[in-house]
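Have the model open as you read.

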Amino acid sequence: MVRLGRISVGEVRFAGPRVWRLLVLVCTTAAWTIAAAAQQLTPEELEREAVAIFERSCSLTGCHGGPVAQQDMFLTSSQFYESVVDQPSVGRPDLKRVDPGSPETSYLIMKVNGDPDIEGLQMPMVGNKLSEEEIAKLEEWIRSLNPGQGPAIESTDRPRYPFDG
């Protein structure tokens, strides 16, 4: 056994169980953080996902598409942004349809969640309700918006359909 000062090399313990648990926790947290950062979507990707949800659940049913959309809210790919972002809702004019950066105060999120403070029924009225994952994607898109910002996707880049108006 080699002695270095007051410590014998053969007697050194590198870490006890608590230290190992802490090390595992730190490494796991770092891995989750890296994975979350890798999965973070760009504003364009978030907007494309929102468009896909609106088209599948809202505009293709005819309610928020075509020449006359319910509540004058067009959720087609070429018109959705201008129709919902920073616009007052018809049912609750004190709230914006989509309040940039704030899904908690966005009437659209209240409607798809069936919040008790909404006017009328939970949306979509026709077909399946949105899944928790779809609602989370819409919330993430809204969080990514800044007041006064324009769409991330130019309307010429959005797919157009005959009923886009």
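## Contacts and overall make-up

Of the contacts (heavy atoms within 4.5 Å) between residues at least 6 apart in sequence, 51% join residues at least 24 apart in the protein chain. The chain runs β-β-α-α-α-α-α from the N terminus; helices (H or I, at least four residues) and strands (E, at least two) are DSSP runs, numbered from the N terminus. Of its 165 residues, 33% are buried, meaning under 20% relative accessible area with a 1.4 Å probe, protein chains only.

This is a predicted model, where local features need pLDDT of at least 70 and side-chain atom pairs pLDDT 80 or more, while totals for chains, interfaces and linings use all residues. Residues are numbered from 1 along each chain as its sequence is written, and side-chain values use heavy atoms, leaving out hydrogens and water.

## The core

## Aromatic rings

F54, F80, Y81 and W141 make up one aromatic cluster. Rings of Phe, Tyr and Trp (its six-membered ring) pair with centres within 6.5 Å; planes under 30 degrees apart are stacked, over 60 edge-to-face, the rest tilted.

There are four aromatic pairs. F54 and W141 sit edge-to-face, at 6.1 Å centre to centre and 80° between the planes; F54 is in α2 and W141 in α5, 87 residues apart. W141 is buried, at 0% relative accessibility. F80 and W141 are tilted, because their centres are 5.8 Å apart and their planes at 50°.

Note on methods
Buried means under 20% relative accessible area, exposed over 50%, partly exposed in between (1.4 Å probe, protein chains only).
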